[in-house]
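Reader: I have just opened this one and would like a careful walk through it. Could you take my questions as they come?
Author: Gladly; here it is.

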Amino acid sequence: MTEHEIFSLLGRIDDYVLLRRSPRFPDLLPGEDIDLLVPDRQRATEDIYGFFREQSPPRCELLVSQEDGHCHVDFLRAGKIDLRVDLIESFDSDIVVMDYRVRGCTRDIKGKKHYIDHKIN
């Protein structure tokens, strides 16, 4: 998928947190995935399906598979995964490790640094 298509796709999803992405994001290679934490997996799946329906003609196939606690939405081109979007509603408490450190800056989804320029209480 192109950078424009990826940002258009993410723009269709109502509410999400980008959990994991490739260092090349949004310049993804075929087969790479994006992990999103969403409050409502069904709604996010419908948002993605809406994005897919708007493509005319569709440039890929859409395959949705459900698993316990999350689902995969695969965009297939010529039978191979072009992009996988993992939608996760929650984590099991035994696999979450809290590690929050303020390191002076953070990055947005385009990789641009945003610096923390004030004291945090």
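Predicted model: local features only at pLDDT ≥ 70, side-chain atom pairs only at ≥ 80, totals over all residues.

Reader: Where is threonine 45 found, and which residues is it in contact with beyond its neighbours within four places in sequence?
Author: Threonine 45 is part of helix 2, and, with those sequence neighbours left aside, it is in contact with Val64, Cys71 and Leu87; contact here means heavy atoms within 4.5 Å. The C-alpha atoms of threonine 45 and valine 85 are separated by 9.6 Å, although the two residues are 40 apart along the chain.

Reader: What else is buried in helix 2, and what do those residues pack against?
Author: The buried residues of helix 2 are Arg41, Ala44, Thr45, Asp47, Ile48, Gly50, Phe51 and Phe52. They pack against helix 1 (3–12), strand 3 (61–67), strand 4 (70–77) and strand 5 (80–88). Helices (H or I, at least four residues) and strands (E, at least two) are DSSP runs, numbered from the N terminus.

Reader: Why does the span of helix 2 agree with what its residues should give?
Author: Helix 2 has 14 residues (41–54), which at 1.5 Å a residue should span 20 Å, and its end C-alpha atoms are 20 Å apart, so the two agree. The expected span is 1.5 Å times one less than the number of residues.

Reader: Changing topic, what order do the strands of the open sheet have?
Author: The open sheet has five strands in the order 1-2-5-4-3, with mixed pairing; two strands pair if DSSP finds at least two bridges between them. Strand 1 (17–20) and strand 3 stand at the edges with a single partner strand each, so one side of each is left without a neighbour in the sheet.

Reader: And how many bridges join strand 3 to strand 4?
Author: Seven bridges join these strands, which run antiparallel, and serine 65 has histidine 72 in strand 4 as its bridge partner.

Reader: How many disulfides are there?
Author: The count is zero disulfides, a disulfide being a pair of cysteine sulfur atoms within 2.5 Å. Cysteine 60 is buried, with a relative accessible area of 9%, and cysteine 71 is also buried, at 0% relative accessibility.

Reader: Is alanine 78 buried or exposed?
Author: Alanine 78 counts as exposed, at 83% relative accessibility, and its place is in the loop between strand 4 and strand 5. Its phi is near 55 degrees, a positive value in a residue other than glycine.

Methods: Residues numbered from 1 in each chain as written. Heavy atoms only, no water. Buried < 20%, exposed > 50% of the residue type's maximum accessible area, 1.4 Å probe, protein only.
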